[in-house]
Amino acid sequence: MHSQAHTFTIEGLIARAVGVEVDIRPGLPSFAIVGLAGTAVREARERVQAAILNSGFELPGRRITANLAPGDLPKTGPGLDLAIACAILAASGQLDPDALGRHALLGELALDGRVRPCRGTLAIAQATRRGGFEKLVLCPESAAEASLVSGLTVAAAASLASAVRVMRGGDGDPVPPSPVAPALASCARSGEPDLADVRGQAGAVEALVIAAAGGHNALMSGPPGTGKTMLAQRLPSILPPLRREEAIEVTRIHSILGALGEGRLLTRRPFRAPHHSITLAGLIGGARSDRPGEVVLAHRGVLFLDELAEFRREALEALRQPLEDGRVAIVRANRSAVYPTRFMLLAATNPCPCGQGGDGEGCRCSEADLARHRRKLSGPLLDRIDLTIEMPREREPLRGRAHTSSQAARERVMRAREVQARRSPERMLLNAQLDAATLRREAMPDAAGERLLDGACLSGLLSARGAHRVLRLARTIADLDGRRRVQGHHVAEAIELRAGRPLGAEIRSDVA
Amino acid sequence: MSPERQDERHACSDCLARSSLIALLSARIEHAASDPSRLLDLLCLDEQQLIAAIGGRKRKELQQRHEANRAAFERAQKAAPILPGVAAPSAHSPGAVAPAFEETTFCRHDPLHRRLFGRLRFSERSGAEEALGSRRHAPLLPAALHLQGGFDRLQRLLETPLVAILGAARASDYGMEMAAALARGLAASGVGVASRFAGGVCAAAHLGVLEAGARPLVVMAGGIDVRKPASLGRLHRRIVDDGVAISELPRGFAPRRWSERASERILAALASLVIVVEADTDDIGMIAADLARTRGARVAALPGRVTSPRARGPHALMREGAALVACPQDALDLLYGVGETDAAGGAGMSETAGETGRASTGNATRGTDGTATDLGSRLTRQQLALLERIGAGEDTLAHISQGPEREASMLALGELRRKGLLAHGDGGRYLPRVSLDRAR
């Protein structure tokens with residue numbers, strides 16, 4: 001007897017269809033799984049046998065062969081258990097093979113026959129809909145996540161027995177109420193850090209709002225204790241929530257990587273803050289051959305690199321392509337993958353290795369230390385950073401006033417982003433992503449602004465690329481200002497933000 | 001260091017041997033002079049005393065090497081006797097750009113050495129006591145000097161008074177600009193400018209001199225072919241091409257902390273005026289200022305912000321009576337006396353771009369900052385108001401972008417920046433490059 005069940009395995013960020021074929025024929029009792037099965041899949045043998053018996057079904061005492069097709073696709077993870085078990089039941093006449101063929105199955109089996117959730121549900125649900133299956137059968141915990149895909153019928157099955165009941169035409173198990181409705185309700189941001197906690201540093205707060213509004217990459221620089229990390233933690237609170245299509249994209253990535261909390265749609269933008277000991281593979285991707293890195297998890301959100309100068313140089317250099325192209329291609333010996341990486345980079349650094357700042361009292365760094373520090377941060381990476389937020393020591397840190405609340409700042413950011421969305425309704429580009437042609441059309445400054453820009457270019461303050469970045473920044477400032485035309489003072493502010501010195505007053509010992 | 005080198009024959013073997021010995025002992029001197037006050041005492045010792053004092057267990061070996069060196073220098077001299085002080089046949093015609101590295105050496109028996117340090121007595125090797133007793137007035141000077149750039153250039157430099165411009169290697173934009181402007185103005189007035197081979201203020205001073213088309217006098221702390229710090233490689237090449245470099249250490253010896261400090265005694269002896277631009281109290285220039293004062297040369301300082309650690313040195317000097325120098329004219333006044341500056345070249349500020357003719361009209365309209373900024377057209381009311389606010393402490397972008405009249409202020413900021421009237425300080429603070437009076 002022969003039967004086929006349908007399920008999926010995850011390769012990179014893509015769900016690939018896998019056909020599970022089971023053949024049962026006379027012979028010594030045995031159970032073999034073939035077809036590039038990973039360790040977790042080979043162990044499915046024991047789980048499937050126990051689950052079938054413990055669910056009250058019969059396991060034929062004959063020679064069973066399960067083949068996972070296509071044979072050249074590596075299959076990983078325990079999500080194939082349910083499909084293997086159902087295919088055995090169909091092949092042994094306990095389930096209608098035609099009904100089995102109309103369903104897609106996903107789930108890990110417990111020894112007592114329960115179905116457990118597994119990673120990548122959303123991606124698999126999307127693939128199921130594309131594959132034209134009648135229903136996707138999976139555990140109740142994942143059902144909410146899968147039903148985010150419109151046009152797909154999802155049936156929850158808490159156990160192998162329930163799955164068989166569903167395929168015989170019965171009802172699915174009840175789905176536990178989802179923690180939040182999948183609709184994009186405005187997030188209740190209770191208990192979250194708020195910008196109102198930040199005293200003083202008005203300039204830095206304002207610069208952060210500008211960065212958030214246009215999606216600009218920013219670098220904060222200042223001695224320890226001036227609030228760099230505090231400010232960074234409050235960036236998510238002023239970012240607009242994810243739009244639905246963005247949310248699905250992000251949820252899918254996080255679901256595959258197992259970084260999803262409760263199997264619901266993410267509405268907050270991801271905020272990733274890897275420690276500076278992170279490796280190149282951890283940051284970009286490629287660990288265990290194709291696992292996406294932090295830059296992918298930060299897609300549509302924020303990648304925060306605290307103590308930028310402490311990161312490995314190779315890791316920082318590798319950030320260039322993801323920053324520039326919004327995607328990263330990872331090629332390894334046996335596979336390659338392209339991952340989306342449209343994130344906003346926020347970095348923080350001390351102005352010098354000892355942290356006390358260029359001229360600060362008690363800075364003990366030698367010239368060579370400073371030069372090393374500068375070298376580490378100089379060059380291509382800094383060139384991709386649109387604005388520098390300098391955070392000096394406040395003169396009266398305890399008496400400072402809060403500049404703004406997160407609520408007010410977020411409203412400004414969202415207004416500015418609406419203006420940007422109207423500018424390119426089809427691609428929803430942020431100002432930071434505008435190409436040169438659009439920039440010329442939308443961000444040409446008035447005469448005063450042009451004069452300032454020319455002056456900055458002539459004096460060597462800005463390169464041609466730098467001038468474009470200043471224009472993008474000026475566009476954002478004008479958007480926040482509610483102006484259609486970029487004016488001189490917008491350009492002036494953009495030049496100052498762009499031309500900041502992240503490493504203190506320039507000490508040009510290499511002047512010659 | 002091979003003693004047979006052709007170009008070392010302008011010096012007597014004793015002095016060359018002493019120079020080599022000091023180089024050999026460099027690491028030991030570094031250790032012994034970890035307390036800076038002992039350095040000059042050490043350098044006052046004669047060769048035997050030096051070996052005895054810091055030779056340690058290798059005394060015998062050092063003594064032998066020293067004797068061998070002296071013998072080798074003697075042999076070389078006998079083979080081709082050239083009187084000390086007579087210039088070697090130069091491989092290149094004077095005025096041409098030196099094609100490669102060209103070192104000449106002269107010792108204290110050379111007339112040029114006397115001319116360099118004419119007012120000072122070189123303490124003879126008659127024992128440490130005399131040397132120590134007299135060192136307040138005559139810091140022990142190097143026995144042999146290694147020179148790059150040729151005698152001609154050096155002699156021409158010595159025809160004018162020399163001004164040493166010194167300061168921290170970690171200088172601010174302000175300090176570097178002021179140093180460059182001072183050096184440019186003085187060099188254009190025909191005054192020689194000397195400094196150490198170091199980053200920051202010193203490098204800025206050399207560049208200022210080069211900009212004015214003059215030759216900087218550079219005192220190197222190591223061998224004159226040693227580019228250290230390496231970041232100054234390009235400056236080193238320009239100095240080799242267009243300037244004059246001297247050092248007391250033979251070629252190939254890397255500078256150490258002691259030799260950096262020791263090089264300041266040469267500057268203190270050479271200069272008629274020592275100007276400290278930006279320095280902490282133990283920074284570059286403070287030793288030279290101290291020594292120059294004890295030998296009776298003028299010491300001046302350029303004021304800075306009282307809150308900045310880099311202004312501590314100059315301000316301490318001024319408290320002790322150093323003159324305040326804010327522009328090249330001030331330095332010329334100190335050298336020649338007030339009112340005689342026009343005769344001495346009439347330069348000063350007028351050498352800086354776009355200001356020709358302004359300085360000669362005297363104090364009434366002279367800028368107090370000495371930078372090469374171009375005021376161009378008159379500043380608007382907004383720009384003046386902004387300069388005033390920056391001067392009053394509202395000096396960060398946050399102050400300006402969130403203060404009153406935001407848009408007009410930002411525009412004014414942009415314009416000031418475009419005109420080069422603002423520099424970027426620490427922590428995002430702006431520093432005006434022009435005094436408010438002058439801007440008006």
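A crossing of two helices is called left-handed if the near helix is turned anticlockwise from the far one by less than a right angle, and right-handed if clockwise. Keep that in mind for the helix pairs below. What you have here is a predicted model, so local features need pLDDT of at least 70 and side-chain atom pairs count only at pLDDT 80 or more, while totals for chains, interfaces and linings use all residues. Residues are numbered from 1 along each chain as its sequence is written, with chains lettered from A and ligands numbered from 1 in the order in which they are written.

Let's start with chain A as a whole. It holds 21 helices and 18 strands, both taken as DSSP runs numbered from the N terminus (helices are H or I, at least four residues; strands are E, at least two). Of its 512 residues, 49% are buried, meaning that 20 or more other C-beta atoms lie within 10 Å of a residue's own; 12 or fewer makes it exposed, anything in between partly exposed, and C-beta atoms are placed from the backbone. Two residues are in contact if those backbone-placed C-beta atoms lie within 7 Å. Among chain A contacts with a separation of 6 or more, 75% join residues 24 or more positions apart.

Now to α20(A), residues 464-481. Its axis lies 8 Å from that of α21(A), residues 488-498, at an angle of about 125° (axes are lines fitted to C-alpha atoms, for helices over the stretch in contact, and angles run from 0 to 180 degrees between N-to-C directions). The two are therefore oblique: angles under 35 degrees count as roughly parallel, over 145 as roughly antiparallel, 65 to 115 as roughly perpendicular and the rest as oblique. α20(A) passes α21(A) in a right-handed crossing. Residues making the contact include A:L473 and A:I477 of α20(A), and A:V491 and A:L497 of α21(A). Overall, the contact has nine nonpolar, two polar and four charged residues (Ala, Val, Leu, Ile, Met, Phe, Trp, Tyr, Cys and Pro count as nonpolar; Asp, Glu, Lys and Arg as charged; the others, Gly among them, as polar).

α20(A) also packs with α17(A), residues 406-423, at about 115° with axes 8 Å apart, which makes the pair roughly perpendicular. This crossing is right-handed too. Here A:R412, A:A416, A:V419 and A:Q420 of α17(A) meet A:T476, A:D479 and A:L480 of α20(A).

Over in chain B, B:I54 sits in helix α4, residues 47-54. B:I54 is buried because 20 other C-beta atoms lie within 10 Å. B:I29 is 25 residues away in sequence, yet 7.3 Å away C-alpha to C-alpha.
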